[in-house]
Amino acid sequence: MSVLVFAESTSEGKFKKTSFEVTSYGKKIAEELATNLVVLSINASENEALYKYGAEKVLNVSNAELSSFNAKNYTSIIVQAAEKENAQVIIIDSNANGLYIAPMVAVNLKAGYASNVVEIPSSTAPFTVKRKAFSNKAFNNCSISTDVKIIGLAKNSYGLFENEVSGSIEDFSPVITENNLKSESIEQTTGKVTIADADIVVSGGRGLKGPENWGMIEELASILGAATACSKPVSDLGWRSHSEHVGQTGKPVAANLYIAIGISGAIQHLAGINSSKVKVVINTDPDAPFFKAADYGIVGDAFEVVPKLIEKLKEFKVNNA
Amino acid sequence: MKILVCISHVPDTTSKINFTDNDTKFDTNGVQFVINPYDEFALTRAMWFKEKQGATITVVNVGNASTEPTLRKALAIGADNAIRVNMEAIDGFSVAQELAEVVKSGEYNLVLAGKESIDYNGGMVPGMLASILDYNFVNACIGLEVEGDKATISREIDGGKEILSCNLPLVIAGQKGLVEEKDLKIPNMRGIMMARKKPLSVIEPVSSETTTSTKSFDKPAAKSACKIVEADNVEELINLLHNEAKVI
Ligand SMILES: Cc1cc2nc3c(=O)[nH]c(=O)nc-3n(C[C@H](O)[C@H](O)[C@H](O)COP(=O)(O)OP(=O)(O)OC[C@H]3O[C@@H](n4cnc5c(N)ncnc54)[C@H](O)[C@@H]3O)c2cc1C
Ligand SMILES: Nc1ncnc2c1ncn2[C@@H]1O[C@H](COP(=O)(O)O)[C@@H](O)[C@H]1O
């Protein structure tokens, strides 16, 4: 028996921050089930970094053919690792790649799968987890009835917990079979923080009047090391790219800090960003619904407030460097 | 090309979410149901294949009789026929299994679904379906072209996109980008009239094996009031974010 965590790394071999979160979470479940934690990594360069979060054993796959993500191969590797380690619970990050492969892993292992889980299981018999439902407007307490269970962990829901162990690394060489699903190319905006990875997201709405006014949004984001985002109409109008659209029908945001500028706070917008920890709104209209969802708010004109905020944040950064 | 579009029947995005029976059931009182927004993108892309490449489109839902108006709406948008598998959609796996039977018996080689249903948010039915069928699968699909039995697909990745190619058969889970918002079709009178005459067949489920079940629902805890900071005192906001919220 064991708990298996899949720790994803970037194409440069560095673990994603959420890999430490899934490891922390896996450690806690392994403790509850009085079993071992095994962490699977693929072409990661710093496997020892996982010990800090409780990884007793790291199963490390090094294979140049796996230098880029392939859903079929990754699925098959997790399945083989789970079988080898006799895993009872498998934890996969509910990020873009995790959401892609987890359902396939589930079918292959005849396992029940709960995605977007936000807490430690409330009970292990029956195995019950709390997950996001109704686009963040509610939670669903879901029991998994199969012997093997798969948990997709929502980002930023559990956090990082240090739990240093003296771990070991074991090389693992799963069988990789040819498949006809091929990656032709990857287009990535380099040097920009992505909404998925960001701790802070700065988002603009229709209140900003036009794409020419996004300079201050970009500047504010760059000072904070934040990703930029926007409301749906802003991307529909072509002011910003679709990849920035957040909300119920766009990307979800689960950041530590979400700053909404000139966004009214429609129910569909809030649904997508509500799991962010701290929300700030800047809006001229004190009755904008966003003020009901926010933790901090400024009633004011973005074109006056944001430049002041940029100026003061620059000073703050200098003083707190 | 025979395309199957999987349609989930979900509460409209503006719905207030409440529960009944000791928080074990979704309260449908006063709730409007619609085609899941992601499935609407998938259906619209299917219409493009119908218009440009002569594909036929079947829409399918696993659900009870209350979902039929949603299937009729899909027919009014332009699907050729509809299938309803007469079963309460209890979990993603059981739905995927029923859909797999429909795919096998209808020999569909292209299956379009949405990346998630906005009520259950499982994000699992399409991937499970593909796995059961051993079809190729691409999630978070933002572009799809098919020539013969070759497909070219774009998928959204963190901070960019990936272009993939594969052979049919294929299942995709679509989202915005697969088609633009402006391409979404609102059914017109003629479409609605025609939809009444299009076939909607009801079939019985073949299995009812589930792997998960919902025990209860919770609503997010009420949050405390928003702290208002004066517009000419942005230093105070910085101070609060640094010292109180500790996020900067
Ligand atoms: C099926 C469906 C799905 C949807 N999904 C999404 C989704 O995923 N994401 C999403 O965002 N929306 C979504 N929407 C749209 C949503 O209903 C709203 O229309 C949208 O969020 C409004 O965007 P906004 O706040 O930018 O614009 P508006 O509602 O126009 O708000 C602009 C705000 O800016 C303020 N303002 C104006 N001037 C200034 C200024 N100088 N300084 C500061 N503030 C100013 C105004 O007071 C106002 O509150 C969806 C709608 C539907 C029907
Ligand atoms: N009951 C259902 N009937 C038909 N298709 C469904 C059903 N449930 C989910 N789907 C499809 O699977 C996608 C993802 O749903 P889910 O896994 O519930 O998030 C949806 O966008 C639909 O395309």
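**Two chains and their contacts: group meeting talk**

I start with one pair: Ser2(A) stands opposite Ala87(A) in strand β4 of chain A. This is a predicted model, where local features need pLDDT of at least 70, side-chain atom pairs count only at pLDDT 80 or more, and totals for chains, interfaces and linings use all residues. Residues are numbered from 1 along each chain as its sequence is written, chains are lettered from A and ligands numbered from 1 in the order in which they are written, and side-chain values use heavy atoms, with hydrogens and water left out.

Back to the strand. Helices (H or I, at least four residues) and strands (E, at least two) are DSSP runs, numbered from the N terminus. Strand β4(A) covers residues 87–93, and six of its seven residues are buried. Buried means under 20% relative accessible area, exposed means over 50%, and partly exposed is in between, with a 1.4 Å probe and protein chains only. Two strands pair if DSSP finds at least two bridges between them. Strand β1 of chain A, residues 2–7, pairs with β4(A) in the parallel sense over four bridges. Strand β9(A) also runs parallel to β4(A), joined by five bridges. There, Ile92(A) stands opposite Gly152(A).

Now the interface. How many residues of chain A are in contact with chain B? The count is 82 residues of chain A against 72 residues of chain B, where contact means heavy atoms within 4.5 Å. The size of an interface is often given as the accessible area lost when the parts come together. Here chain A and chain B bury about 6700 Å² between them, with 57% of it on carbon and sulfur atoms. Buried area is the accessible area (1.4 Å probe) that two parts lose on being put together, summed over both. Tyr100(A), Phe134(A) and Tyr296(A) supply 12% of the area that chain A buries against chain B, more than any other three residues.

The interface also holds 44 residue pairs in polar contact, both residues at pLDDT 80 or more. A polar contact is a pair of N or O atoms within 3.5 Å; within protein, one must be able to donate a hydrogen and the other to accept it, and residues adjacent in sequence count only if both atoms are side-chain atoms. Which helix of chain A gives the most to the side that touches chain B? Helix α3, residues 96–108, does, with nine residues. By class, that side of chain A has 34 nonpolar, 31 polar and 17 charged residues. Ala, Val, Leu, Ile, Met, Phe, Trp, Tyr, Cys and Pro count as nonpolar, Asp, Glu, Lys and Arg as charged, and the others, Gly among them, as polar.

Ile298(A) has Val229(B) as its bridge partner.

One residue to look at is Ser135(A), in the loop between β7 (127–133) and β8 (138–144) of chain A. Ser135(A) counts as buried because its relative accessibility is 9%. Its side chain makes a polar contact with the side chain of Gln248(A), at 3.1 Å. Leaving aside neighbours within four places in sequence, Ser135(A) is in contact with Gln248(A), Ala271(A), Ile118(B) and Asn121(B).

Next, salt bridges. A salt bridge is a side-chain nitrogen of Lys or Arg within 4 Å of a carboxyl oxygen of Asp or Glu. The count over all chains is 29, and five salt bridges cross the interface of chain A and chain B. Asp236(A) meets Lys176(B) at 2.9 Å, N to O. Asp236(A) also meets Lys232(A) at 3.2 Å; these two lie in helix α5 of chain A, residues 232–236, four residues apart, about one turn of the helix. Asp236(A) is partly exposed at 33%, and Lys232(A) is partly exposed at 28%. Lys232(A) forms a further salt bridge with Glu181(B), the closest N and O atoms being 2.9 Å apart. Glu181(B) lies in the loop between β12 (170–174) and α5 (189–197) of chain B and Lys232(A) in helix α5 of chain A, so the pair joins two chains.

Last, a pair within chain A. Glu162(A) forms a salt bridge with Lys52(A), the closest N and O atoms being 3.6 Å apart. Why does the pair tie together parts that are 110 residues apart in sequence? Because Glu162(A) lies in the loop between β9 (149–153) and β10 (168–171), and Lys52(A) in the loop between β2 (36–42) and β3 (57–61). Glu162(A) is exposed at 58%, whereas Lys52(A) is partly exposed at 33%.
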